[in-house]
Amino acid sequence: MKTIIANWKMELGVRESVALARGVLRGLRGMQDVPNILVAPTFPALFEVSKVLGRSRVQLAAQTVHTEEQGAYTGSVSAKVLKEVGVQAVILGHSETRAMGETDEDVHQKVDLALRHGLHVIVAVGESMATREAGETEGFIHDQIKTIFTGIHPTKRHTIYVAYEPLWAIGSGKVPSIQDVSSVHTAIKQQLDELDILDVSVLYGGSVIPENAYEFLNHSSVDGVLVGGASVRIKSLMELIHLASELS
Ligand code: PGA
């Protein structure tokens with residue numbers, strides 16, 4: 001089954017997030033082969049969206065979490081509170097949170113903490129254009145995966161998603177070739193296998209739109225897509241969901 005993760009970033013308010021979540025549930029009615037779908041609204045919308053999703057097949061994800069369990073961390077949200085409001089998964093290591101100072105070591109700590117609190121994790125990795133042009137993409141991602149996942153021991157209850165998101169592809173309209181995506185995905189899977197982290201879903205993210213999604217979703221090395229811009233409008237989001245459903 002293919003996965004669609006909708007990262008709504010800071011694009012939608014509470015009412016808009018609720019309306020979009022309702023729209024997705026409506027769109028799924030009568031659909032056979034519903035793909036694995038996760039939506040990630042902004043923090044203040046999580047609780048309301050969680051009530052809308054209820055026990056539906058759509059899962060709720062947060063966009064980040066703090067490294068510590070609890071304490072004097074103004075402006076932060078803990079894994080425990082995310083669980084309390086019905087969150088099932090969390091995006092970690094997104095380039096936009098990394099740009100605010102999140103390191104691979106932080107992501108490692110967050111993965112460990114999130115798993116201990118029973119959250120699934122969606123870990124984003126990816127190289128800059130300079131790294132790509134220097135021919136160092138695979139080495140760079142190898143180092144990211146090593147720092148983040150060494151010493152992590154998920155159980156069967158946890159789902160681990162790794163989203164390969166080249167920094168230069170996010171929000172830019174540019175995408176790598178499917179050959180490049182496929183070779184990075186294969187390397188990620190092999191490395192995680194060696195770290196004894198099995199059954200990982202490896203997704204592609206960065207400028208995915210209905211017009212280019214087929215190529216990614218149709219490839220055996222791509223377990224799904226993480227979508228930003230095209231996931232905040234019901235029409236394009238449902239087109240992506242339908243595509244994933246046909247290819248599941
Ligand atoms: P984009 O964002 O689809 O708008 O490029 C992807 C992401 O940030 O995960």
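Which residues of S2 lie on one side and which on the other, and are they buried or exposed? I kept in mind that this is a predicted model.

Entry 1, the strand. I looked up S2, residues 36-40, and found five of its five residues buried. One side carries Asn36, Leu38 and Ala40, the other Ile37 and Val39, and both faces are covered.

Entry 2, the neighbours. I checked S1 (residues 3-7) next, and it pairs with S2 in the parallel sense over five bridges. Ile5 has Leu38 as its bridge partner in S2. To get from S1 to S2 the chain goes through helix H1 (residues 14-28), in a right-handed β-α-β crossover.

My search gave two aromatic pairs. Tyr164 and Tyr204 sit edge-to-face, 6.4 Å centre to centre with 65° between the planes. They are 40 residues apart in the chain, Tyr164 in strand S6 and Tyr204 in strand S7. Tyr204 also stacks with Phe216, at 4.4 Å centre to centre and 20° between the planes. Phe216 belongs to helix H9, twelve residues from Tyr204. Tyr164 and Tyr204 are buried, and Phe216 is buried as well. I noted the three, Tyr164, Tyr204 and Phe216, as a cluster linked by ring pairs.

Notes: Residues are numbered from 1 along each chain as its sequence is written. This is a predicted model: local features need pLDDT of at least 70, side-chain atom pairs count only at pLDDT 80 or more; totals for chains, interfaces and linings use all residues. Side-chain values use heavy atoms; hydrogens and water are left out. Buried means under 20% relative accessible area, exposed over 50%, partly exposed in between (1.4 Å probe, protein chains only). Helices (H or I, at least four residues) and strands (E, at least two) are DSSP runs, numbered from the N terminus. Two strands pair if DSSP finds at least two bridges between them. A crossover is right-handed if, with the strands pointing away from the viewer, the path from the first strand over the helix to the second runs clockwise. Rings of Phe, Tyr and Trp (its six-membered ring) pair if their centres lie within 6.5 Å; planes under 30 degrees apart count as stacked, over 60 as edge-to-face and the rest as tilted.
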